[in-house]
Amino acid sequence: MKKQIFLSESYIRARIIGIILVIIGVAILVNPTDLNIKISVTLILIGLFMIFMITEKSISKKTSDAQIEGNTTIIKEMIKELNLKGNAIFLPKSSTRSEERVLIPPNESGVIKIPNTIYDNVFLADNKGNNLGISIPPAGIKLLDEIEKDGKFKNAKFEDIDEKLQLFVGMNLLKSVSFKQHKNGWYLEIEKLDSSDSSNDLQNQYPCPVCSAVITAITRELNQIIRIYKTSQNGNKIVYHLNFIKRKAKQEK
Amino acid sequence: MSEKITILVAAWSIIILFITSGTELEIFFILILIGFVAIKEFTDRYTSVNLKRKFNIFIFAFLIIFIVIITEKIINILNI
């Protein structure tokens with residue numbers, strides 16, 4: 001059983017095949033003609049690539065999704081219990097906040113009150129004690145921190161964001177992602193790997209971890225407040241209509 | 001992504017091996033290097049920094065071979 005699990009990991013299989021190719025490559029070098037050197041270099045090259053490039057341990061998508069599901073379920077329950085109707089507003093890190101937060105206001109339309117200073121507290125209220133919603137860490141913030149160890153998503157320009165977001169595709173987290181400007185604001189189009197995990201009924205308020213990681217990445221890059229204006233979903237494709245709230249971001253710096 | 005890059009590199013190396021089977025070793029190494037640089041450029045936006053760093057090591061190794069080849073050619077031309 002242990003042996004089966006050991007061999008089922010793709011990186012271990014790749015490493016074994018890689019070592020075999022390197023050994024064969026070195027063995028061919030015993031008779032060093034031009035053709036043999038070429039064959040040997042090719043084999044050693046492929047072998048080394050298999051050993052050093054394929055090194056990531058993998059777990060099934062179902063397992064990783066199940067790990068995240070628990071936390072998001074609690075947040076969704078909390079949103080329902082508190083009867084919050086507003087769409088999510090992504091707040092960048094600031095001198096008063098240690099990390100990016102998602103503000104979910106109580107009202108769906110009309111004037112959205114964003115407190116001048118939001119600390120790391122969860123429940124927000126104004127001076128009179130009126131409920132201003134909740135401020136919680138985005139579902140995908142840890143995921144983003146994990147894939148962004150080199151500070152890749154910091155202080156970028158608008159035109160660079162779409163290109164930088166392609167890292168999510170490269171890491172097999174999404175099928176495709178695009179961030180483009182339209183008449184009414186910015187559209188973030190996300191195509192997930194499969195439609196099974198697209199059944200989030202609170203995409204406007206608390207997007208799924210990967211979607212949340214993408215929006216948080218944009219917030220981090222531009223250091224601006226982003227509001228989800230509305231979302232539309234078609235199968236495994238989700239389109240987020242985003243608005244930037246610039247003035248407040250400057251106030252909070 | 002690392003799997004796709006490995007497949008691309010393997011395919012490129014094998015193609016070059018067949019194409020240059022009757023030619024000199026230098027052409028083989030230079031074509032491999034060109035392929036590596038092209039693959040690096042095309043996959044750059046999809047790869048993590050860690051993967052880029054590893055890929056760069058391979059490119060630098062072939063760059064050293066390329067420099068050796070060029071130096072040897074220059075020495076031959078100048079008859080030093």
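**Exercise 1. The sheet of chain A**

Terms: helices (H or I, at least four residues) and strands (E, at least two) are DSSP runs numbered from the N terminus. Two strands pair if DSSP finds at least two bridges between them. Axes are lines fitted to C-alpha atoms, for helices over the stretch in contact, and angles run from 0 to 180 degrees between N-to-C directions.

The model is predicted: local features need pLDDT of at least 70, side-chain atom pairs count only at pLDDT 80 or more, and totals for chains, interfaces and linings use all residues. Residues are numbered from 1 along each chain as its sequence is written, while chains are lettered from A and ligands numbered from 1 in the order in which they are written.

**Exercise 2. Two strand pairs**

Task: How many bridges join strand 5 to strand 6 of chain A, and over how many do strand 1 and strand 2 of chain A pair?

Solution. Start with strand 5 and strand 6 of chain A. They run antiparallel and are joined by 7 bridges. A hairpin links the two through 2 residues. Within this pair, F179(A) stands opposite L188(A) of strand 6.

Now take strand 1 (residues 89–91) and strand 2 (residues 101–104) of chain A. Their antiparallel pairing spans 3 bridges. Here F90(A) faces V102(A) in strand 2 of chain A.

Two residues are in contact if their C-beta atoms, placed from the backbone, lie within 7 Å.

**Exercise 3. Two helix pairs**

Task: At what angles do helix 6 and helix 7 of chain A pack, and helix 1 and helix 2 of chain B cross?

Solution. Two packed helices are described by the angle between their axes and the distance between the axes.

Step one, chain A. Helix 6 and helix 7 of chain A pack at about 140 degrees, with axes 11 Å apart. They are therefore oblique to each other. Angles under 35 degrees count as roughly parallel, over 145 as roughly antiparallel, 65 to 115 as roughly perpendicular and the rest as oblique. I161(A), K164(A), L165(A) and F168(A) of helix 6 meet V214(A), A217(A), I218(A) and E221(A) of helix 7. By class, this contact has 6 nonpolar, no polar and 2 charged residues. Ala, Val, Leu, Ile, Met, Phe, Trp, Tyr, Cys and Pro count as nonpolar, Asp, Glu, Lys and Arg as charged, and the others, Gly among them, as polar.

Step two, chain B. The axes of helix 1 (residues 2–19) and helix 2 (residues 25–43) of chain B come within 10 Å and cross at roughly 155 degrees. These two helices of chain B are therefore roughly antiparallel. Residues of helix 1 in the contact include W12(B), and those of helix 2 include F28(B). The contact divides into 9 nonpolar, 3 polar and no charged residues.

**Exercise 4. Exposure and phi**

Task: Are N83(A) and N223(A) buried, partly exposed or exposed?

Solution. A residue is buried if 20 or more other C-beta atoms lie within 10 Å of its own, exposed if 12 or fewer, and partly exposed in between, with C-beta atoms placed from the backbone. N83(A) has 8 C-beta neighbours inside 10 Å, so N83(A) counts as exposed. N223(A) has 16, so N223(A) counts as partly exposed.

Now check phi. Most residues other than glycine have a negative phi. N83(A) has a positive phi of about 60 degrees. For N223(A), phi is near 55 degrees. N83(A) sits in the loop between helix 4 (61–81) and strand 1 of chain A. N223(A) lies in the loop between helix 7 and strand 7 of chain A.

**Exercise 5. The contact of the chains**

Task: Which helix of chain A gives the most to the side that touches chain B?

Solution. The contact takes 22 residues from chain A and 20 residues from chain B. Helix 3 (34–52) and helix 6 (158–170) of chain A each supply at least two residues of the chain A side. Helix 3 of chain A gives the most, with 11 residues. The chain A side divides into 14 nonpolar, 3 polar and 5 charged residues.
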